[in-house]
Amino acid sequence: MDDIVITGYGIKAPGVSDKFSFLNVLDKGICTQSILKNDNQPQSSIVAGLIEDSFQEINGRNYKRHSRAVRMAIAATMDASEMSNLDYFKPHRIAVIIGTAAGAILELEQYSSKFFDVKTTPIQGVSYADSHTLSGSVAEAISSCGPAFTLTTGCTASLDAVSIGKLLLENGSVDACIVGGTDAPLGQWTINGFKKMRSLSTENSIDKAGVPFSTEHRGFVLSEGAGIIVLERKQSAQARKQKIYGKVERIVSRNEGQKLLSSDTTGRHMLEVFQETIGNTIPTYVNSQALGIDINDQIERFILKEALGSEVPITSIKGMIGHSFGAMGAMQIISTLLSMEYGFIPPTIKTSGKGFEDVPIVYETRHQAVKSVCITNHGVSGNNACLLLTRI
């Protein structure tokens with residue numbers, strides 16, 4: 001069976017517009033978060049990951065009727081497509097698989113009162129309720145007419161997209177796959193919902209919000225963004241002399257089968273997924289889910305120590321760009337590709353590791369060769385997913 005490799009990617013994140021701006025953020029450990037102000041309730045302002053660009057015009061085309069999540073996905077896809085020379089493939093042999101958690105929640109919230117009167121209902125209203133508009137719009141933007149799927153599996157959505165894309169390439173159904181995730185969740189519906197669950201950081205200091213691996217801080221920083229990756233078979237990449245950035249060695253995703261808003265606090269489900277993903281490989285480091293939610297970060301500690309002991313370093317990029325739900329797994333993949341290409345482990349910023357002293361956290365950028373990395377994702381929907389990425 002031919003290897004499945006990555007030949008292109010695109011990212012839109014807070015303070016990040018392309019490969020090189022993301023490389024700068026990761027290498028220097030820069031926090032790109034800011035204060036999201038609530039004009040109606042100033043005391044409710046929070047730290048968040050904001051992107052300044054509206055993406056209403058992309059490559060000279062107007063996308064203002066599309067949701068923000070769709071616009072970000074299209075913009076990231078254009079970059080990924082150009083990097084991978086996607087035009088090489090026949091349109092019907094390109095699949096599009098995009099994941100999301102919040103979908104068009106921002107627009108549904110914004111226009112909710114208008115939907116009760118047909119006169120004020122926006123013409124694009126149906127597309128906001130139809131999550132598959134996401135992958136359909138990306139496919140249309142790149143003139144693809146192959147399989148198109150939209151996944152709504154929460155915070156593991158983009159890793160799940162990679163998993164399905166890998167299967168389609170392995171069984172010969174397609175020749176290339178656009179996979180990844182996008183989310184634009186910075187509305188009151190999402191913010192208040194996670195505040196109610198006491199998992200969103202309510203700190204008004206950027207340095208103290210969304211601190212990974214710390215018992216002194218609570219809650220994550222909500223962020224928006226999109227990460228898109230191009231997958232293809234190694235044989236086709238070599239045949240057309242396309243640069244290969246990494247190989248998808250293994251990916252495993254499972255659900256815990258828990259009650260609504262519940263999750264396995266023992267970490268046993270995640271441990272099984274992690275162990276099956278790494279197999280006999282000792283990764284150079286773990287690119288962690290850790291985001292500032294106590295139970296999540298404790299599970300990250302548990303699986304690392306149970307599976308690998310204290311020898312393999314672990315890091316989280318959440319302190320830099322926040323947590324962007326269904327896009328986060330793809331962003332972690334892209335950060336890992338940069339890590340492998342330029343030879344460094346990005347730092348876990350903001351934290352001193354209080355309460356996690358037994359965990360080999362990377363606090364400062366570590367310049368070294370990176371051969372393989374395990375990426376971890378788990379979400380409120382009970383999904384656990386891990387991906388082992390290796391350098392070719």
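The model is predicted, with local features requiring pLDDT of at least 70 and side-chain atom pairs counted only at pLDDT 80 or more, while totals for chains, interfaces and linings use all residues. Residues are numbered from 1 along each chain as its sequence is written, and side-chain values use heavy atoms, with hydrogens and water left out.

Helices and strands are DSSP runs numbered from the N terminus (helices H or I, at least four residues; strands E, at least two). In helix H9 (residues 268-278), the buried residues are Met-270, Leu-271, Val-273, Phe-274, Thr-277 and Ile-278, where buried means under 20% relative accessible area, exposed over 50% and partly exposed in between (1.4 Å probe, protein chains only). These residues lie on the same side of H9 because they cover an arc of only 165° around the axis, the arc being that of the directions from the helix axis to the C-beta atoms. An α-helix has 3.6 residues a turn, so residues three or four places apart point the same way. The cover over the buried residues of H9 includes strands S11 (246-255), S12 (285-287), S16 (372-378) and S17 (383-390), together with helix H10 (294-308). Just after H9, Gly-279 has a positive phi of about 55°.

The axes of H9 and H10 are 9 Å apart, and the two helices pack at an angle of about 45°. Axes are lines fitted to C-alpha atoms, for helices over the stretch in contact, and angles run from 0 to 180 degrees between N-to-C directions. H9 and H10 are therefore oblique to each other; angles under 35 degrees count as roughly parallel, over 145 as roughly antiparallel, 65 to 115 as roughly perpendicular and the rest as oblique. On the H9 side, the contact (heavy atoms within 4.5 Å) involves Arg-268, Met-270, Leu-271, Phe-274, Gln-275 and Ile-278. H10 contributes Ile-299, Glu-300, Phe-302, Ile-303, Glu-306, Ala-307 and Leu-308.

Helices H6 (residues 157-170) and H12 (residues 328-342) have axes that come within 5 Å and cross at roughly 70°. H6 is therefore roughly perpendicular to H12. Ser-158, Leu-159 and Val-162 of H6 meet Met-328, Gly-329, Ala-330 and Ile-333 of H12.

Ala-95 lies in strand S6 (residues 94-99) and counts as buried because its relative accessibility is 0%. Not counting residues up to four places away in sequence, Ala-95 touches Pro-147, Leu-168, Val-174, Ala-176, Cys-177 and Ile-178.
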